[in-house]
Amino acid sequence: MQELIEQTLQNLSIAYRLVHHQAAYTMAEMEALNLNLGCTHVKNLFLRDRKSRKFFLFCVKGDKPVNLQLLSIKLGVAGGLSFANHQQLQDKLGLMPGSVTPLGILNDEKREVTVVLDSGFTDTELVGVHPNENTASVLFMFSDLVRILVEHKTPIQYMDLK
């Protein structure tokens, strides 16, 4: 686990569990590992507007389908949303494809990425996210994920995509 993440979790006194596993690049690959961790895995989509001026990290329950057209309408993004490219992912969050995670936001020192959290999560829900690498998962409460984002002064929006 990256030092910045471990330090952040310790500084905020967040209880967590780290589980190492085979690399998982997609939610389907994560499911196929059949780890039975007793948590909700978070699906993370790193998105941009048409002109690459606004960036969003959309976090939703792993089994929930996402309609990018509906999401762009609800976010008020003219021209729609699309996936950011590999270089933008590296530049904004310091991550490689397949390792997208809300913990990558700790690398966004300029606060250029807005995190959009699906309102389907509950504060007491145990969630699993990659610790900036896809060969492990960090498990902690959803409310603790929100605390990390708030402490980092990350722009956050909540959205219901029903």
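View 1. At 23% relative accessibility, lysine 61 counts as partly exposed, whereas glutamate 125 is buried at 12% (buried means under 20% relative accessible area, exposed over 50%, partly exposed in between, with a 1.4 Å probe and protein chains only). Glutamate 125 and lysine 61 form a salt bridge, and their closest N and O atoms are 3.2 Å apart (a salt bridge is a side-chain nitrogen of Lys or Arg within 4 Å of a carboxyl oxygen of Asp or Glu). This pair links distant parts of the chain, 64 residues apart: lysine 61 sits in strand S3 (residues 55-61), and glutamate 125 in the loop between strand S5 (113-118) and S6. Helices (H or I, at least four residues) and strands (E, at least two) are DSSP runs numbered from the N terminus. Please keep in mind that this is a predicted model, where local features need pLDDT of at least 70 and side-chain atom pairs count only at pLDDT 80 or more, while totals for chains, interfaces and linings use all residues. Residues are numbered from 1 along each chain as its sequence is written, and side-chain values use heavy atoms, with hydrogens and water left out.

**View 2. Lysine 92 pairs with glutamate 112.** Here the closest N and O atoms of the salt bridge are 3.0 Å apart. Lysine 92 belongs to helix H4, and glutamate 112 to the loop between H4 and S5, 20 residues apart. Lysine 92 is buried at 17%, but glutamate 112 is partly exposed at 36%.

**View 3. Aspartate 144 and arginine 147 share helix H5.** Their side chains meet in a salt bridge (3.0 Å, N to O). The two residues are separated by about one helical turn because they lie 3 residues apart in helix H5 (residues 142-151). Aspartate 144 is buried at 11%, and arginine 147 is partly exposed at 34%.

**View 4. The largest pocket has a volume of about 460 Å³.** On a 1 Å grid over the protein atoms alone, a pocket is an open set of points where a 1.4 Å probe fits, with protein on both sides within 12 Å along at least five of seven lines; lining residues have an atom within 4 Å of a point. The volume is the space filled by probe spheres set on the points, which are joined across faces, edges and corners. Of the 24 lining residues, Tyr25, Asn44, Gly98, Ser99 and Val100 lie nearest the centre. S2 gives the most to this lining, with 6 residues.
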